[in-house]
Amino acid sequence: MLADFNFRVIWEYMPLFLTGVRATAFIAAVSITLALITGILACACRISGIKALKYPAIAYIELIRSTPLLVQIYFLYFGLPTLGLRIPELQTGILALMLNSGAYIAEIIRAGINSVDEGHIEAGISSGLNYVQRMRFIILPQALGVTIPPLLGQNIVLVKDSALLSLISVVELTRSGQTMTSERFMPAEAFLTVAFFYMCIYFCLKAFADWSQRKLIFREVY
Amino acid sequence: MMAFYFAQLVEIFPFFLKGLWMTSKIAFISLVSCTLIGLVLGIFRSSNSIILRYLVGVYVAFVRGTPFVVQIFIIFFIFPEWGIQLEAFPAALLAMAIMGSAFICEIVAGGIAAIPKGQWEAAASSGLTNLQQLRLVVIPQAMKIILPPLVGQYVLLIKDTSVVSVIGVMDLTRVGWVTVVRIPEGLMVFTLVGALYFMISYPLILLSNYLEQRMAI
């Protein structure tokens, strides 16, 4: 089955793959940072009592969660030019990943905040803390412990999702596999190598997630 | 111009319905097969046999560690090199079954692991065989833990069916992609595609939310 697996060609294309790994890491890092900001803002709007903020946030979160990422990517890729906005593929892709993960992160944070015991909030109110103080001293420190593990999980999902950007010809890991396939017609070598690199990234992130779960002080919250 | 394209879009709307039908077909078949395979794998994963546990663990790690697009490419482009010719549609179903079953396996294994050891021991000391312990005591209790994330996973799987469009399966996403070449009004075309996906997955999201609240009590 793998008898004629051509390692020489893989070695020859190694620079291309490494460029892909770097690009994937870059895309993931930028997108997760932006998504975190988007998610925090969306969650803040979602749980605020102001209707003008709350309903748009609900619409955003639910629309993103109920449509596929690929459709969102195509929507931006084919849709933005019709609005007269011409932005490069890479930025379109990062925008799509940011909007997509942002909605999931908003829900993760909201679940964390909701998990704080009602009694703690009431105790805060009766101690005379105002809304901001309650958030800062009671809700957020506890919510953080519940949100960190799923946030790290979302980070892993985002790295894998970034593979879809290859379909709008952003240069990243999957795209380098496609390039090699089209140049040499060796899909087995190309895509198994790509899979190998994704596995490496996955295990690094997974190890980090497991470590932080054991190590972080937040675990005392459970 | 916009109105003109809109009229064209209305004209080819049946094409979109065909895509919706294809997406529903893939989604339905793969949900059923993923659930069945995932259940069996999940039981293997929480079995006493180390080899079985280890094998399933490797399978799950491989599937969870790589993007779904790459898995589809591997199945669609590499299997033919090994002499297994697959049409796009069966290849898509196979990829979905492999991917989905690994995720469902983890959910099932998590649910089974959450059942206290005492339940197994009590069942064993009542004289139930291994299979009976699982079927009569553990699974019914684990179901309560498994169900909410399972429905959530169904939503993710339905959305992941959009990725099979890359190997040329004429599903909803592919229909949108083909249409946008003819009707250069991307916003309109993909709003329509998105709305059709919304129709399928939103009820399931609501169901998942409902189950989560219901089971939490």
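In this predicted model, helices H2(B) and H5(B) cross in a right-handed sense. The contact draws on residues from both helices, among them those in the table.

| Helix | Some of the residues in the contact |
|---|---|
| H2(B) | Ile26(B), Ile29(B), Ser30(B), Ser33(B), Cys34(B), Gly38(B), Gly42(B), Arg45(B) |
| H5(B) | Ala92(B), Leu93(B), Met96(B), Gly100(B), Ser101(B), Ile104(B), Val108(B), Ile112(B) |

Sorted by class, the contact of H2(B) with H5(B) comprises 15 nonpolar, 7 polar and 1 charged residues.

Two packed helices are described by the angle between their axes and the distance between the axes. For helix H2 (residues 13–45) of chain B and helix H5 (residues 88–113) of chain B, the axes come within 6 Å and the crossing angle is roughly 45 degrees. H2(B) and H5(B) are therefore oblique to each other, since angles under 35 degrees count as roughly parallel and 65 to 115 as roughly perpendicular.

The rest of the description concerns chain B as a whole. Chain B contains 9 helices and 0 strands, and its pattern along the sequence reads α-α-α-α-α-α-α-α-α. The C-alpha trace of chain B spans about 75 × 50 × 25 Å along its principal axes. Chain B has 217 residues, of which 39% count as buried. Among the contacts in chain B with a separation of 6 or more, 78% are between residues 24 or more positions apart.

Note on methods:
Residues numbered from 1 in each chain as written. Chains lettered and ligands numbered in written order. Predicted model: local features only at pLDDT ≥ 70, side-chain atom pairs only at ≥ 80, totals over all residues. Helix = DSSP H or I, 4+ residues; strand = E, 2+ residues; numbered from the N terminus. Buried ≥ 20, exposed ≤ 12 C-beta atoms within 10 Å, placed from the backbone. Contact = placed C-beta atoms within 7 Å. Axes fitted to C-alpha atoms, helices over the stretch in contact; angles between N-to-C directions. Parallel < 35°, antiparallel > 145°, perpendicular 65-115°, else oblique. Left-handed = near helix turned anticlockwise from the far one by under 90°. Nonpolar A, V, L, I, M, F, W, Y, C, P; charged D, E, K, R; others polar.
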